[in-house]
Amino acid sequence: MIVRVSGEGQFRLPDEDAERLNELDNAAVAAAEAGDEARFKDLWAQMLEVVAADGNSLGDDELVESDIILPPRDITFAEAQGEFTGEGLIPD
Amino acid sequence: MPGLGGRMSTVIKAKISRLLDKSEDPGETLDYGYQKQVEMLQNVKKGIADVVTSKKRLQMQSQKLEQQVVKLDTQARQALSQGREELARTALERKTLAQTELQSLDTQVKELEDQQQKLTDNEAKLRTKIEQFRTKKEVIKAQYSAAEAQVKISEAASGVGEEMADLGLAMQRAEEKTETMRARAGAVEELEAAGTFDDITQLGSGQDDIDKQLSELTSGAQVDDELAKMKAELGSGGGDAPALEEGDK
């Protein structure tokens, strides 16, 4: 599975992480919708941590599409409230 | 995919694949796609130049404010030495405010520097990817009858498209940030031109009078300089230094 962190490039992660990321994403969406900034920030940090722990950076010569695109690391809560809503990160 | 990048890349990816679908001559379409990518790279360069321009403007403003701080400090001393404590206080209040603005400007300059660095890194990455695309394109063109090759180039185009979309997003964010800073810098400039920072110091009306008096002090002081020095010397000990401390509060 290929994950892009916006502004930081692409990473190759084991497919098993998809479920974990989707869970975190759903919780993050709920937190954003509820206006719970602290909880959102915590979940967002956890998502980035999954990428940092399991991900291997893709070489610049690899031209592939990402399966998941995460927003920029420094996303503000206000931006997140606009973007982290609706369906999960992984489209049906 | 509700991610920030997801939405944008979807738009660009769709455009590229539509382009590929339409092609009667894939070779021609590939060249066109490559040309578009190179254009995008030019836009990125322009975006970086914009960030640099904004940064320079803020740096200039920062220098001006530094001068203002020195000037206000001098004016305060002058006012004090002439026994105008209220005036000295006003000057010192403004000096403090200018220093606060200065700190905020410095933070913004630092932020823009980070933005610039990020965009430059991303631009280098995109350039590499476009170069890869160009190479693959030539390979595909040489053997384009193979259906598998078509799929491959479509994938490659999507990969580059996503990279471009992501860079587009980074540029958009940098621009928004720069815009906010520009507006703020403009406001500071206006305040500076008017010589008033009254919104924060709440000095009330009579601003202009105080400014006029301050500037008169500066010009008139040259004439009175000798006299003031003499006075200070005459009243040394109980004169200049303690009065300055008082004014600093």
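Let me start with chain B, whose accessible surface comes to about 14,200 Å², with 51% of that area belonging to carbon and sulfur atoms. Please keep in mind throughout that what we have here is a predicted model. Of the 249 residues in chain B, 41% count as buried, and when we take the contacts in this chain with a separation of 6 or more, residues 24 or more positions apart account for 83% of them. As for secondary structure, chain B has 7 helices and 0 strands, so that, by the way such elements are assigned, reading along the sequence gives the pattern α-α-α-α-α-α-α.

In chain A, 4 strands form an open sheet in the order S3-S2-S1-S4, and the pairing is mixed. The edge strands, each of which pairs on one side only, are strand S3, covering 56-57, and strand S4, covering 68-70, both in chain A.

Let us walk through the pairings. Strand S1 of chain A, residues 2-5, and strand S2 of chain A, residues 9-12, pair in the antiparallel sense over 4 bridges. Within that pairing, Val3(A) stands opposite Phe11(A) of S2(A), while Val5(A) has Gly9(A) in S2(A) as its bridge partner. S1(A) and S2(A) form a hairpin with 3 residues between them, and in the turn Gly7(A) has a positive phi of about 90°. On to the next pairing: S2(A) and S3(A) run antiparallel and are joined by 2 bridges, with Phe11(A) standing opposite Ser57(A) in S3(A).

My last topic is the aromatic rings. How many aromatic pairs does the count give over all chains? The count comes to 1 aromatic pair, and in that pair the rings of Phe40(A) and Phe77(A) have their centres 5.7 Å apart and their planes at 55°, so the pair is described as tilted. Phe40(A) lies in helix H2 of chain A, residues 37-54, and Phe77(A) lies in helix H3 of chain A, residues 77-83, so the pair ties together parts that are 37 residues apart in sequence. Are these two phenylalanines, Phe40(A) and Phe77(A), buried or exposed? Phe40(A) is buried, and so is Phe77(A).

Conventions
Residues numbered from 1 in each chain as written. Chains lettered and ligands numbered in written order. Predicted model: local features only at pLDDT ≥ 70, side-chain atom pairs only at ≥ 80, totals over all residues. Heavy atoms only, no water. Pairing = 2+ DSSP bridges. Phe/Tyr/Trp six-rings, centres within 6.5 Å; stacked < 30°, edge-to-face > 60°. Buried < 20%, exposed > 50% of the residue type's maximum accessible area, 1.4 Å probe, protein only. Contact = heavy atoms within 4.5 Å. Areas by Shrake-Rupley, 256 points an atom, 1.4 Å probe, with all protein chains shown as cover.
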